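Dear colleague,

I am handing over the structure we spoke about, and below it you will find notes on what came out of the analysis. Please read them with the structure open beside you.

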Amino acid sequence: MNKTGFGFLRLPRRQPDEENSVDEPLLNALADSFLLHGGNYFDTAYIYLGGASEEALRKCVVERYPRTAFRIADKLPGWEMTSHEQCFACFSEQLTRCGVTYFDVYLLHGLNEENYAICEKQDEFAFLRQIKAEGRARKIGFSYHDGPELLDRILTEHPETDYVQLQINYLDWDSAAIQSAKCYEIAVRHGKKVIVMEPVKGGSLATLPEQAETMLQTLRPGESPASWAIRFAANLDAVEIVLSGMNTMSQIEDNMRDFPPLNQEEYAALAGAAEIIRSRIAVSCTGCGYCLSHCPGHIPIPRYFALYNDYARNPEEGWKMENIYAGLAKKYAKASQCIGCGECEKHCPQGLPVPALLKDVAKAFEN
């Protein structure tokens, strides 16, 4: 069993601080290995890396392989659309960026209560239906970041949906904030296929607390923590694709193996590991970066939260994080410079109280 798709949000970089400085030779090698191992599904979006993601996909896959060798999923930033006609203009730009004449899967990006209101105002599902009827999108749907009640409403009002892309991982499965299990059940009840995003929760499930990792290693010696996370998502019957951002050849090889189904003992072990992990995470940020373009102060929010999590796990090594923080604050802005506008919160898929958490970051590193 392998359902792995190649996510193009987190790509290898030439310059660590520049998200659009894609390491093209390494990315070519990763895509080659992915395809050689039997993968064929690539996922991108208009906003990923400021457009560099779509262009990188064109260069490393579309221009190097026949169209029948791969599938591409792309997404419309519906919240940016000010008219129905603008949807078609954005879609055409994406086709050009990717170098294709059609997308295998095309999704409305990041529906939640606010974005769905915009979607309905601009009649974006009618746009989806039209490009599907014209053959320019083979399957349509949306990625989703909200609760099960709204998901049920959207799928009831728009049965034309083929796919729902959901955040699913063993840490968020029973989360009161993300509600992965309940959202998955809604999708199944409506007969929809599911694409999984964040199966390793932005990489946080790839490196576990020692107690949690030992628990899993006892059952399957030598298996990576990330492979456990991928198996959990892939084990769900309605899941067709499990997206993973892969930056190294070892990640490709690890993710592209055949994964056996989970048994009850393994489910119990993952539940136990999740409890341990929750007790150690200060901020449940996945590093997606959706907040960044909406921050008027240009505060590197995900990087500050990653530092803060390191500090919370290892406060005795806080001096190391302080030096890194000082360098970032000099280049960008301090956490204490947050003006509390709340724009970041509106676009955070995890629903984090970002301004309040930035105050914690400032307290830890600026005093």
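**Cavities, a pocket and a helix pair**

Sorted by class, the residues that line the second largest cavity comprise nine nonpolar and four polar ones, with no charged residue among them. Please keep in mind throughout that this is a predicted model. The volume of the second largest cavity comes to about 90 Å³, and of the 13 residues in its lining, those closest to the centre are C295, P296, C338, I339 and C341.

In total, the structure holds two cavities of 30 Å³ or more. The largest cavity has a volume of about 100 Å³, and its lining is made up of 16 residues, of which C285, C288, C291, C348 and P349 are the closest to its centre. Helix 12, which spans residues 301-313, supplies the largest share of that lining, namely three residues.

Turning to the open spaces, I looked at the second largest pocket, whose volume is about 210 Å³. Its lining consists of L171, D172, S175, A177, I178, K201, R278, I281, S284, Q350, G351 and L352, and by class these residues fall into five nonpolar, four polar and three charged.

The last item is a pair of helices. Helix 4 (residues 113-121) packs against helix 6 (residues 148-157) at an angle of about 20°, and their axes lie 11 Å apart. Because angles under 35 degrees count as roughly parallel, helix 4 is described as roughly parallel to helix 6. Their crossing is left-handed. On the side of helix 4 the contact is made by E113, Y116 and E120, and on the side of helix 6 by L150, R153, I154 and E157. Which classes of residue make up the contact of helix 4 with helix 6? Three of its residues are nonpolar and four are charged, while none is polar.

When you go through the structure yourself, you might begin with C285, C288, C291, C348 and P349 around the centre of the largest cavity, and then move to the contact between helix 4 and helix 6, where E113, Y116 and E120 belong to helix 4.

With best wishes

How values were computed. Residues numbered from 1 in each chain as written. Predicted model: local features only at pLDDT ≥ 70, side-chain atom pairs only at ≥ 80, totals over all residues. Heavy atoms only, no water. 1 Å grid on protein atoms, 1.4 Å probe; cavity = no way out; pocket = protein on both sides within 12 Å on 5 of 7 lines; lining within 4 Å. Points joined across faces, edges and corners; volume = space filled by probe spheres on them. Nonpolar A, V, L, I, M, F, W, Y, C, P; charged D, E, K, R; others polar. Helix = DSSP H or I, 4+ residues; strand = E, 2+ residues; numbered from the N terminus. Axes fitted to C-alpha atoms, helices over the stretch in contact; angles between N-to-C directions. Parallel < 35°, antiparallel > 145°, perpendicular 65-115°, else oblique. Left-handed = near helix turned anticlockwise from the far one by under 90°. Contact = heavy atoms within 4.5 Å.
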